[in-house]
Amino acid sequence: MFGDSAARGADVESLWRRDQGTRCEAKSCQTGEISTVEAAVQSHSSRDAGMQTDQSEETIQNLDLQKEVPVDYAGLLSFLQGVEDVVIKELNKNWRSHAFDGFEVNWVDQNETVSCLHSLSYPEAQDQKLQVTSISWNVTGSVVACSYGRLDDGDWSTEKSYVCTWNLDRRGLNPKRPDLVVDVPSSVMCLAFHPSQPSLIVGGLYSGEVLIWDTSRIEDPLIWRTGMTDDTHTDPVYQVDWLQDSKHSHHFQILSVSTDGKILVWQTQRDGQLTLVEGFALVAQQIPRSMKLKKRTRGETAVGVTSLSFSCFDPSVFIIGVEGGYSLKCSTAVETAAVPRTGSSVTLKAPAQFAFSPHGGPVYCVSCSPFHRQVMGRLNLFLSGGTDGHIHLHSMLQAQPLISLQLSKKYLFSVRWSPVRPLVFAAATGEGEVQLFDFGKSSQKPAVSIKQASAQTPVYCIEFNFKQPQLLAAGDASGMLKIWQLSSDFIQQGPREMNHLEQLANEVTD
Amino acid sequence: MLPNLFVVCFLQAEVEETLKRIQSQKGVQGIIVVNSEGIPIKSTVDNSTTVQYAGLMHSFIMKARSTVRDIDPQNDLTFLRIRSKKNEIMIAPGKSPSASGFQASC
């Protein structure tokens, strides 16, 4: 009749309420659109600048090339056998041929005359009537420095003098205004620029001191000095030079030469001081007796050294010129101590090994030839000039000169070999001339005679510019430094010059 | 094993003899033998000079040879001489190695 049943409820869907789903549309933004553009990236780009590892592996590979490249000896032999006859025939034809005798090619414009490029002077030095005592070109060949002082005075002069530099490559070069003027309390007798650093220059003073200046420092160029210690020279320093240290090739020491008979080697120290590391002393009794000295001098008399020149091929051999008029061949590798003299912190050695025959007066300049013999051996020629007006061309092998020429009736103050022509040298005379001699042209009279000043004004110093071989600087007693431009035949080596020079050197008599 | 080694030594000695004969001619400063790639295989002068000459000469020889053959394709380079103020470089090209020597000018 009646039963249970459950009636399902009735669901009425809501008309207005539904899932609150998100439904949105972008109508508008309040922030404006940000425009962006790529400006920079933070990651860096790199490039290899250098490596710390040595490159020696590559050279070792090259050295082993002959072992690495498999040499096919059979093939090589057959090739060489085929080629040998042809090559020998050509070689023989070559040395017999006269086809190229006198054939010369000019690659550059020929300049026929010698002309004066610049006449440099420092008016204040000229007012004091100072003379140009020494010239030096720097290693780049563009800066010339000269020192002022007196060479004709005999007393201890305490007047101020100057070292002036001019940069010839600078535009607006004012010949009366040096680029740098260094005031020096005493006369500067000699100058030398550093062989690799273009701004260091060393000078030797009349008082015996040696000073080093750095021309790049405007404020106070003086950076090292010897001071007046027991080791310092007691006489004027006539020549200074830079010596390459044999152990550390980038270290240089300074060599100074003076008429007190000492040749001293100095080392720079950090405190601005130059200290003595090595030295040589010349006393009369230790001069080798290869020639007779006319006067009997007391054994311990110091032999005044006026000039020095290192041999270009053997750094331990040097030639010095002395006041007694002769030249000496010396060596740095000696062990005998000089006759004991007190007052020196380092034992001085006696360097003289061989004496050459003398001039008629003190030797003021010696210069070793920078040209090597081509095939084998070395050329051992040097020139010496002195107050007798003669120059002697010596071979280091014999005491008598190979050639002796009178260039002037007055003194000869400086002699320099040309850096490019093995047969040419220049000499500064007391008659105000610079004479250029060419052994290839005439062995009796100069090839060119440049008149620098009047006949009463001696030319004291000359220097060739090694980087620009057409330039020759000459300083005279009127305080003028003239830069001469040489003609083309002094700049280029001729085809047979080395042979001619070897022939000269071989005229050594037994 | 032994006969091969012997032959190599013999050949090497012959090569050295030939080079010595050329080197003893008047005025010869040095001899360099390079292969077709320009790599020096035998030399009587120091290494840096050898490498320098070999490097510089290789392209020069190639250029000279191509110049000759461009002018006349049937022609070929037989000998090359570069004469300078101080010396003369003589180059003898050939199949495989090419020998160049330099002589001081008299």
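This is a predicted model: local features need pLDDT of at least 70, side-chain atom pairs count only at pLDDT 80 or more; totals for chains, interfaces and linings use all residues.

Mentor: Residues are numbered from 1 along each chain as its sequence is written, chains are lettered from A and ligands numbered from 1 in the order in which they are written, and side-chain values use heavy atoms, with hydrogens and water left out.

Trainee: Why is Arg421(A) called buried?

Mentor: Buried means under 20% relative accessible area, exposed over 50% and partly exposed in between, with a 1.4 Å probe and protein chains only. Arg421(A) has 8% relative accessibility and therefore counts as buried, although this residue is found in the loop between strand E22 (412-417) and strand E23 (424-429) of chain A. Helices (H or I, at least four residues) and strands (E, at least two) are DSSP runs, numbered from the N terminus.

Trainee: What makes Asp438(A) a polar contact of Arg421(A)?

Mentor: A polar contact is a pair of N or O atoms within 3.5 Å; within protein, one must be able to donate a hydrogen and the other to accept it, and residues adjacent in sequence count only if both atoms are side-chain atoms. The side chains of Arg421(A) and Asp438(A) make such a contact at 3.2 Å. Under the wider term contact, meaning heavy atoms within 4.5 Å, and leaving aside neighbours within four places in sequence, the partners of Arg421(A) include Phe371(A), Asp489(A) and Gln492(A).

Trainee: Why are E6 and E9 of chain A at the edges of their sheet?

Mentor: The open sheet is formed by 4 strands in the order E6-E7-E8-E9 of chain A, with antiparallel pairing. Strands E6 (188-193) and E9 (222-225) each have a single partner strand, so one side of each is left without a neighbour in the sheet. Within this sheet, E7 (residues 200-205) and E8 (residues 210-214) of chain A pair over 5 bridges, and Ile201(A) stands opposite Trp213(A) in E8(A).

Trainee: What makes Arg416(A) and Glu463(A) a salt bridge?

Mentor: A salt bridge is a side-chain nitrogen of Lys or Arg within 4 Å of a carboxyl oxygen of Asp or Glu, and the side chains of Arg416(A) and Glu463(A) meet at 3.0 Å, N to O. Arg416(A) lies in strand E22 and Glu463(A) in strand E26 (residues 459-464) of chain A, so the pair ties together parts that are 47 residues apart in sequence. At 24% relative accessibility Arg416(A) counts as partly exposed, whereas Glu463(A), at 18%, counts as buried.

Trainee: How is Glu88(B) classed, buried or exposed?

Mentor: Glu88(B) is at 1% relative accessibility and so counts as buried, and this residue forms a salt bridge with Arg83(B), the closest N and O atoms being 2.9 Å apart. Salt bridges that share partners join Glu90(A), Lys93(A), Arg81(B), Arg83(B) and Glu88(B) into one network.

Key. Two strands pair if DSSP finds at least two bridges between them.
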